[in-house]
Amino acid sequence: MTKWTEDEVEFLKENASTMSSNDIADELGRTQSSVKHYARRHDISLEKPHSVYSDKISKSKRKYDFDEDFFSRNNSAAYYWAGALEADGCVRERGPNSHTIDMRISKKDRSWLEQFREALQAGHPIRKDRDFVSFKVHSNRMFEDLEDLGIVPRKTYKNITPDIPDQYVYDYIRGIFDGDGTICKKASKKWDAYKVGLVNSEAVCKWIDKKLDFSCSLYPDNQSVAWRLETADRENIKKFAVLIYDGAEYYMKRKHQRFIDYGMMGV
């Protein structure tokens with residue numbers, strides 16, 4: 001990412017309290033995410049009087065505490081869980097100051113949802129609904145941070161290309177894979193066939209395809225508006241495992257173990 005100039009920093013400081021982060025980004029020729037991340041790293045407030053007031057009201061009504069600034073940080077955990085929400089979560093805007101971040105998954109992966117709750121240092125309960133478990137928080141700040149990453153209401157239909165720093169690309173892809181990806185094995189009399197794939201919007205699938213160092217099959221998913229990205233090449237599957245798991249702190253243990261069981265990576 002290009003280093004900020006003194007003139008850009010000065011412009012940000014002078015206009016942070018009166019201009020939106022989107023307008024500042026347009027003036028500087030940067031992304032909105034870059035503006036917000038730089039401002040927060042250097043304690044430059046982008047909040048306006050009205051938003052400060054609404055945040056105070058929102059916090060006063062909360063029953064549970066959590067790390068509301070989790071997605072404003074540049075680290076692997078934030079981008080991994082953002083990827084997971086891109087795949088298996090949703091954000092809702094019920095009003096100007098009413099925003100919800102929600103993740104609902106199969107009950108067999110409850111331990112993964114518990115990892116997410118622990119990462120947010122949240123006291124919120126995980127609720128069970130038949131064969132699913134869900135976890136949600138309410139936060140205007142977190143909604144805005146996720147919006148910067150392209151995670152918006154009805155995100156599949158918006159078809160937004162992610163804007164992720166290079167060093168966190170594979171954390172983000174791992175999150176998407178853990179949320180909406182699969183690795184499977186089909187045995188036959190002659191050989192065992194394997195396949196790795198994931199489902200998301202056309203823009204996200206094409207973005208992932210460009211970030212991998214091998215080519216994948218890419219086509220519309222017949223069951224929805226989403227697209228499917230996959231490979232059945234054994235060597236490509238091994239490469240994929242190395243890319244997403246090397247140095248990883250957070251991951252879904254069930255899928256990680258399947259790569260090991262299929263001989264696609266070491267223990």
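**Exercise 1.** Determine which lysine lies over the face of Phe-177, and at what distance from the ring centre.

*Solution.* Lys-255 lies over the face of Phe-177, 5.3 Å from the ring centre. A charge sits over a ring if NZ of Lys or CZ of Arg is within 6 Å of the ring centre and within 35 degrees of the ring normal. The model is predicted: local features need pLDDT of at least 70, side-chain atom pairs count only at pLDDT 80 or more, and totals for chains, interfaces and linings use all residues. Residues are numbered from 1 along each chain as its sequence is written, and side-chain values use heavy atoms, with hydrogens and water left out.

**Exercise 2.** State how many aromatic pairs the structure holds, and classify the pair Phe-70 and Phe-71.

*Solution.* Rings of Phe, Tyr and Trp (its six-membered ring) pair if their centres lie within 6.5 Å; planes under 30 degrees apart are stacked, over 60 edge-to-face, and the rest tilted. There are 16 aromatic pairs in the structure.

**Exercise 3.** Classify the pair Phe-177 and Phe-259, and decide whether Phe-177 is buried or exposed.

*Solution.* First, the ring centres of Phe-177 and Phe-259 are 5.8 Å apart with planes at 55 degrees, so the pair is tilted. Next, this pair links distant parts of the chain, 82 residues apart: Phe-177 belongs to helix 9 (residues 169–180) and Phe-259 to helix 12 (residues 253–261). Helices are DSSP runs (H or I, at least four residues), numbered from the N terminus. Finally, Phe-177 has 0% relative accessibility and therefore counts as buried (buried: under 20% relative accessible area; exposed: over 50%; partly exposed: in between; 1.4 Å probe, protein chains only). Phe-259 is likewise buried, at 0%.

Notes: Helix = DSSP H or I, 4+ residues; strand = E, 2+ residues; numbered from the N terminus.
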